[in-house]
Amino acid sequence: MNLETKWLEDFVALANTRSFSASARQRHVTQPAFSRRIRSLEQAVGTTLVDRSTTPVDLTSQGQLFLVTARNMVEQLNESLGHLRGLSMANEALDIVAAHSLALSFYPPWISRLQKGLGELPTRLVAMNVGDAIHVLREGNCDLMLAYYDPYATMQLDAEVFPSFSIGQVKMVPVSLPDSSGKPRFSLEGRQEVPYLAYTQGAFLGRSVRMLLKNDPLRMRLRVVYETAMAEGLKGMVMQGVGMAWIPDFCIREELKSGRLVRAGAENYDVPLEIRLYRCSMVHKPGVEKLWRQMMKLPRDFLQA
């Protein structure tokens, strides 16, 4: 018999809510995915556990019997894991997922600053796009997520289930290589067509830029010559003189300071961004609990990068 722990947790959730849709929301998966997992559990145990002909759904007699076993197994496993994690908490590394640009340019100075206030903090960092990072957090496959926050984004996280700290107020800046006189080689001012280095359609930062340009005639003058999901990729192409792009300011501070890059437009073309650190309140890992309590005691300006 091959049983997955998440199937047992799904079944316990369904027994509590008596609703596939409510249980799917609680388990942070789509309803079709949740239904498939319940069917996988039934196939593994070799019997029908849920009576789907009733509303709300009910458990079969076999399901009622199995529920006792499922609850005991989930409780005992959580208790055992909590104990083991508590024993190793001192040396436990936190698994963090982060957007690519945050992992490369934002995370190193931020975590260094945080450790000055909290002491040594072992971490493992994995860079991925924001959509994948949210999925990993929802599935409980990481401890923390470092991501951009957009109040208008279609994919939102329940603040009670996924509490967060605001740790940075930054902005995306339109930039270009300078010409011989130090002015932008590709400028948003004027009426000429501008070679534009863009974020791909699914990229989180691309949505923020599109919102800025939505009602601006400027968008008609931007000629897309290159696309990528990563800010660092766009920065590389800007440095090659291929076109202009919107880049998070923390990625290009040194280049702007030295004059290797210059603004391609006025400040009204800046895109404000907020950076947040998220956790899942349903995952009780001692190291995360300890870090969260410590962060709540720090001054707010200390947490800000």
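## A walk through the predicted chain

Histidine 28 sits in the loop between H2 and helix H3 (31–45), where helices are DSSP runs of H or I with at least four residues, strands are runs of E with at least two, and both are numbered from the N terminus. Although histidine 28 is not a glycine, its phi is positive, at about 60 degrees. Please keep in mind that this is a predicted model, in which local features need pLDDT of at least 70 and side-chain atom pairs count only at pLDDT 80 or more, while totals for chains, interfaces and linings use all residues. Residues are numbered from 1 along each chain as its sequence is written, and side-chain values use heavy atoms, with hydrogens and water left out.

Arginine 18 belongs to the loop between helix H1 (5–17) and helix H2 (20–26). Its phi is near 60 degrees, a positive value in a residue other than glycine. With 26% relative accessibility, arginine 18 counts as partly exposed; on this scale buried means under 20% relative accessible area, exposed means over 50%, and partly exposed is in between (1.4 Å probe, protein chains only).

Proline 56 brings us to the loop between strand S1 (50–51) and strand S2 (58–59). A cis peptide bond links threonine 55 to proline 56, with omega at about 0 degrees.

Now look at helix H8, residues 231–239, where Ala231, Leu234, Lys235 and Val238 are buried. These residues lie on the same side of H8 because they cover an arc of only 105 degrees around the axis, taken from the directions from the helix axis to the C-beta atoms. An α-helix has 3.6 residues a turn, so residues three or four places apart point the same way. Just after H8, glycine 241 adopts a positive phi of about 80 degrees.

What about the cysteines? The whole structure contains 0 disulfides, a disulfide being a pair of cysteine sulfur atoms within 2.5 Å. For cysteine 142, which is in no disulfide, the nearest cysteine sulfur is that of cysteine 280, 8.9 Å away. Cysteine 142 is buried at a relative accessible area of 6%, and cysteine 251 is buried at 5%.

Stepping back, the protein chain has 11 helices and 11 strands, and its C-alpha trace spans about 80 × 45 × 30 Å along the principal axes. Of its 305 residues, 45% are buried. Among contacts (heavy atoms within 4.5 Å) between residues at least 6 apart in sequence, 74% join residues at least 24 apart.
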